[in-house]
Amino acid sequence: MCHLKVKNIYQSFVEGELFLTDLTTAECVKLVENTSRDVGIAFANELAQVCEELHVNVNEVIKLANRHPRVNVLNPGPGVGGHCIPIDPWFLVENTKTGELIRLARKVNDERPLIIADKVISKTQQVSGNNIGILGVAYKPNVDDCRETPAEPILKRLELQGFNVKYHDEHVPAWQCERIDNISNMLEWADVIVIVTGHDSYKQLVAKDNIIDACGILT
């Protein structure tokens with residue numbers, strides 16, 4: 001059978017255990033892996049909103065809750081990017097009538113960048129500034145991949161409101177708005193800064209009132 005032949009080929013170089021199943025199940029497994037991450041991230045992002053209304057620190061809540069051996073809450077962020085996690089849940093449920101939780105998780109994560117953008121706008125009103133700096137436009141830390149990046153809807157919302165927006169990302173030499181090469185220059189230019197991607201270089205920054213840490217690397 002063809003699947004046995006394929007298994008024999010893979011066993012010639014794969015060290016891990018190989019499992020055989022039908023094609024539909026195999027495809028579902030791949031989609032479920034990414035969908036599970038999406039649902040988990042949606043819970044974390046929703047929890048961030050809940051904790052904000054309760055006036056408690058979501059990062060402390062998650063840290064303490066995760067001390068339970070059967071609890072593993074993910075960290076909230078600015079949204080979900082990349083070519084897999086935002087896409088695969090739709091492949092999983094597109095031909096089904098069910099999947100309400102999966103669809104709701106997609107909605108939560110799609111709205112998250114706009115929530116972050118509104119936080120930035122609110123902060124500009126407090127400091128009476130019009131210059132906004134985005135730190136990190138890749139969809140995940142320490143890569144140059146901007147596919148489905150949450151930075152894009154954040155940028156569009158800010159530009160639509162008439163703000164001057166520039167970005168810094170040492171991994172991304174060109175993007176959808178003007179780039180500032182040096183972090184120090186960005187800190188000097190911007191009235192408000194939002195950290196969208198948790199690159200290692202940003203972890204050295206000192207938390208300030210005009211810096212919105214959307215990925216929680218400064219806490």
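The questions and answers below go through the sheet, its helices, some single residues and the salt bridges of a predicted model.

Residues are numbered from 1 along each chain as its sequence is written, and side-chain values use heavy atoms, leaving out hydrogens and water. In this predicted model, local features need pLDDT of at least 70 and side-chain atom pairs count only at pLDDT 80 or more, while totals for chains, interfaces and linings use all residues.

Q: In what order do the five strands stand in the open sheet?
A: Strands (E, at least two residues) and helices (H or I, at least four) are DSSP runs, numbered from the N terminus. Two strands pair if DSSP finds at least two bridges between them. The pairing in this open sheet is parallel, and the order is 3-2-1-4-5.

Q: Why is one side of strand 3 and of strand 5 left without a neighbour in the sheet?
A: The order of the strands is 3-2-1-4-5. Strand 3 (178-179) and strand 5 stand at the edges, so the reason is that each has a single partner strand.

Q: Which residue of strand 5 stands opposite Ile195?
A: Strand 4 and strand 5 (residues 211-213) pair in the parallel sense over three bridges. Within this pair, the residue opposite Ile195 is Asp213.

Q: Are the residues on the two faces of strand 4 buried or exposed?
A: Buried means under 20% relative accessible area, exposed over 50%, and partly exposed in between, with a 1.4 Å probe and protein chains only. In a regular strand the side chains alternate between the two faces of the sheet. In strand 4 (residues 192-195), Val192 and Val194 lie on one side and Ile193 and Ile195 on the other, and all are buried.

Q: At what angle does helix 5 run to strand 4?
A: Axes are lines fitted to C-alpha atoms, for helices over the stretch in contact (heavy atoms within 4.5 Å). Angles run from 0 to 180 degrees between N-to-C directions. Helix 5 (residues 100-127) lies across strand 1, strand 4 and strand 5, and its angle to strand 4 is about 160 degrees.

Q: Which residues does Ala48 touch, not counting residues up to four places away in sequence?
A: Ala48 belongs to helix 2 (residues 23-54). Its relative accessibility is 10%, so Ala48 counts as buried. Beyond its sequence neighbours, Ala48 touches Val58, Pro76 and Arg112.

Q: How far apart in space are Tyr139 and Val196, C-alpha to C-alpha?
A: Tyr139 sits in the loop between strand 1 and helix 6. With 25% relative accessibility, Tyr139 counts as partly exposed. Tyr139 and Val196 are 57 residues apart in sequence, and their C-alpha distance is 8.5 Å.

Q: How many residues apart are Lys119 and Glu52, which form a salt bridge?
A: A salt bridge is a side-chain nitrogen of Lys or Arg within 4 Å of a carboxyl oxygen of Asp or Glu. The closest N and O atoms of Lys119 and Glu52 are 2.3 Å apart. Lys119 is in helix 5 and Glu52 in helix 2, so the pair links distant parts of the chain, 67 residues apart.

Q: Which residue forms a salt bridge with Asp145?
A: Asp145 has a relative accessible area of 19%, so Asp145 is buried. The closest N and O atoms are 2.8 Å apart, and the partner is Arg147.
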